[in-house]
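The report that follows describes selected local features of one model, with the criteria behind each term given where the term is used.

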Amino acid sequence: MKTKDLTMTGLIAALICILGPLSITIPGTPVPISFTNLALYFIVMAAGCRMAVSGYLIYMLLGAAGLPVFSAFTGGVAKLAGPTGGYLIGFIFLALLSGWMVDKSDGKIWVSAAGMVLGTAVTYLFGTAWLCIQMNLSFPQGLVIGVIPYLPGDAVKIAVAVIAGKKARNALKKIG
């Protein structure tokens, strides 16, 4: 890896560590509104798949080691094993799928946005399945408390990330 790539990966991990703990608790559900996916949407749009996945994996390692970088400033393996652990694992696939589609989009915003929607769907699949196992819920119950309340916010996050991330990607290309 070049020094520039190492620096960028570290900055990406730092951005996720800053936005990841910021969350809003929704009463009646163990799943908070997280800004981790906003960070990932922006990063895949601005820096692409490889950087997003690398930065997110570093974030996961930091959180698993106990640094308070997960939602609500928590950390540790227990968080990964808890009701929201499936979403944290699912974010890896969000970065992979949406990043791959952004990289292959030839600048087409609708392809990038579709990739983010697909990555989000896979994240929700992992997260909801894990939530249902942890809380002994049916899949429809898991959708009601772990997916449906979050869809409008995720649509806004994707729109913001596509617009801001495209501008950031263009700026990064100019830097070299």
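Contact here means heavy atoms within 4.5 Å. The model is a predicted one, in which local features need pLDDT of at least 70 and side-chain atom pairs count only at pLDDT 80 or more, while totals for chains, interfaces and linings use all residues. Residues are numbered from 1 along each chain as its sequence is written, and side-chain values use heavy atoms, with hydrogens and water left out.

## Leu-62 and its surroundings

Leu-62 is found in helix 3, which covers residues 49-64; helices (H or I, at least four residues) and strands (E, at least two) are DSSP runs, numbered from the N terminus. Apart from residues up to four places away in sequence, Leu-62 touches Cys-17, Leu-67 and Val-69. Between Leu-62 and Gly-75 there are 13 residues in sequence and 8.1 Å in space, taken from C-alpha to C-alpha.

Leu-62 counts as partly exposed because its relative accessibility is 30%, given that buried means under 20% relative accessible area, exposed over 50%, and partly exposed in between (1.4 Å probe, protein chains only).

## Salt bridges

Side chains of opposite charge can pair when their charged atoms come close. With a salt bridge defined as a side-chain nitrogen of Lys or Arg within 4 Å of a carboxyl oxygen of Asp or Glu, the count comes to 3 salt bridges. In one of them, the side chains of Arg-50 and Asp-5 meet at 3.7 Å, N to O. Arg-50 lies in helix 3 and Asp-5 in helix 1 (residues 3-19), so this pair ties together parts that are 45 residues apart in sequence. Arg-50 is partly exposed at 48% relative accessibility, whereas Asp-5 is buried at 13%.

Arg-169 forms a salt bridge with Asp-103, and the closest N and O atoms are 3.3 Å apart. This pair links distant parts of the chain, with Arg-169 in helix 8 and Asp-103 in helix 5 (residues 85-104), 66 residues apart. Lys-157 and Asp-154 also meet through their side chains in a salt bridge (3.6 Å, N to O); because they are 3 residues apart in helix 8, about one helical turn separates them. Lys-157 is buried, with a relative accessible area of 10%, and Asp-154 counts as buried at 5% relative accessibility.

## Ser-34 in strand 2

Lys-157 is also one of the contacts of Ser-34, which, leaving aside neighbours within four places in sequence, include Gly-20, Leu-22 and Ser-23 as well. Ser-34 lies in strand 2 (residues 33-34) and counts as buried at 14% relative accessibility.

## Loop residues with positive phi

Most residues other than glycine have a negative phi. Phe-73, although not a glycine, has a positive phi of about 55°; its place is in the loop between helix 3 and helix 4 (77-81), and it is exposed, with a relative accessible area of 53%. For Asn-136, phi is near 55°, again a positive value in a residue other than glycine. Asn-136 sits in the loop between helix 6 (109-135) and helix 7, and it is exposed, with a relative accessible area of 72%.

## Annotated spans

An unreviewed UniProt entry lists several residue ranges under "transmembrane region", among them 7-26 and 84-102; such positions are given in the numbering used here, feature names are shortened, and annotations may be inferred rather than shown by experiment. Residues 7-26 are 65% helix and 10% strand, with the end C-alpha atoms 36 Å apart. Over residues 84-102 the chain is 95% helix and 0% strand, and the end C-alpha atoms lie 26 Å apart.
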